Protein chains: 2
Amino acid sequence: MTNRSLSEQLRSGNLFAEQCPSREVLKHVTSRWGVLILVALRDGTHRFSDLRRKMGGVSEKMLAQSLQALEYDGFINRVSYPVVPPHVEYSLTPLGEQVSDRVAALADWIEMNLPQVLAQRDVRAA
Amino acid sequence: MTNRSLSEQLRSGNLFAEQCPSREVLKHVTSRWGVLILVALRDGTHRFSDLRRKMGGVSEKMLAQSLQALEYDGFINRVSYPVVPPHVEYSLTPLGEQVSDRVAALADWIEMNLPQVLAQRDVRAA
DNA sequence: CAGCATCCTTTATGATACTG
DNA sequence: CAGTATCATAAAGGATGCTG
């Protein structure tokens, strides 16, 4: 018999291992702007400037950089139309939709439970 | 009639708003070590050094700092026993168990789908 | 053991200017 | 429009030494 649970047996990466590449993927997905990109793209395809307008506070540089990281991991598709002015569309890949489901579940929880969290802070501060 | 979906009506915070405090909560929860702490504590109460040993690569400083942020938000309990040498136990609060569920779902997805992600990278690099 | 304080290095992020 | 390049700053992270 084994001491490892089913989820442990199915696990191909290990976030608790210092050098595991899963940590880099986690970093991309949970990065400040990565989270917002993944959530925003659930509403469908977006252009660069649409995303930028939607996500309060991103600089062009960080948006481009975050998009590239997510594209690199295969979570988003980048389609460029060779017209002038340029037209580029970003969307979730099937793999991206899966992570996005999890990321959005977390993001939604935080948005909906923000009052409870802020209340907790006050309790502890008292 | 309304144009807002149910989830929008129930949303008390908005991560897309630049100054919304939900962004800080998200930062704590999705931070490099915050994620690992929340996942690790699902196995039950841990002492400081237990956590440190479990999480490959954390420094004392970062572990303490990350624990404080999560405690501040009310996600973890810190119980200190006034003995010598010191004995401190960390555990999830009910609120913490809820975020932890979402964080762990994301973490597990990444661990289990790491091969697919790495394969995607190769495809694009080719 | 469980930290905190300090100093130092590395990333992350931002502002600005420029280009196909 | 959709970026890239550069410069500058802030934040994250780490190493070391000290303490109740």
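A:P85 sits in the loop between strand 2 (76-81) and strand 3 (87-92) of chain A. Strands here are DSSP runs of E with at least two residues, helices are runs of H or I with at least four, and both are numbered from the N terminus. The bond joining A:V84 and A:P85 is a cis peptide bond, with omega about 5 degrees. In chain B, the peptide bond from B:V84 to B:P85 is cis, and omega is near 5 degrees. B:P85 is placed in the loop between strand 2 and strand 3 (87-92) of chain B. Most peptide bonds are trans.

This is a predicted model, in which local features need pLDDT of at least 70 and side-chain atom pairs count only at pLDDT 80 or more, while totals for chains, interfaces and linings use all residues. Residues are numbered from 1 along each chain as its sequence is written, chains are lettered from A in the order in which they are written, and side-chain values use heavy atoms, with hydrogens and water left out.

**The interface**

Contact (heavy atoms within 4.5 Å) links 57 residues of chain B with 57 residues of chain A. The two chains bury about 5,000 Å² between them. Carbon and sulfur atoms carry 68% of that. Buried area is the accessible area (1.4 Å probe) lost when two parts are put together, summed over both. B:F16, B:E111 and B:R121 supply 16% of the area that chain B buries against chain A, more than any other three residues.

Nine is the number that the rule gives for bridges across this interface: 9 salt bridges. A salt bridge needs a side-chain nitrogen of Lys or Arg within 4 Å of a carboxyl oxygen of Asp or Glu. One joins B:R11 to A:E111, with the closest N and O atoms 2.3 Å apart.

Which parts of chain B touch chain A? Helix 2 (22-30), helix 3 (32-40), helix 5 (60-72), strand 2 (76-81) and helix 6 (94-125) of chain B each supply at least two residues. Helix 6 of chain B gives the largest share, 22 residues. By class, this side of chain B has 30 nonpolar, 15 polar and 12 charged residues. Ala, Val, Leu, Ile, Met, Phe, Trp, Tyr, Cys and Pro count as nonpolar, Asp, Glu, Lys and Arg as charged, and the others, Gly among them, as polar.

**Cavity and pocket**

A 1 Å grid over the protein atoms alone defines both: in a cavity a 1.4 Å probe fits but cannot get out, and a pocket is an open set with protein on both sides within 12 Å along at least five of seven lines. Lining residues have an atom within 4 Å of a point. The whole structure has 1 cavity of 30 Å³ or more.

| Space | Volume | Lining by class |
|---|---|---|
| Largest cavity | about 40 Å³ | 7 nonpolar, 2 polar, no charged residues |
| Largest pocket | about 310 Å³ | 7 nonpolar, 3 polar, 7 charged residues |

Residues of both chains line the cavity, among them A:L26, A:T30, B:V29 and B:T30. Helix 6 of chain B gives the most to this lining, with 3 residues.

The largest pocket is lined by 17 residues. A:V39, A:D43, B:E8, B:R11 and B:F16 are the closest to its centre. Helix 6 of chain A gives the most to the pocket lining, with 4 residues. Helix 3 (32-40) of chain A and helix 1 (6-10) of chain B each supply at least two.

Conventions
Grid points are joined across faces, edges and corners, and a volume is the space filled by probe spheres set on the points.
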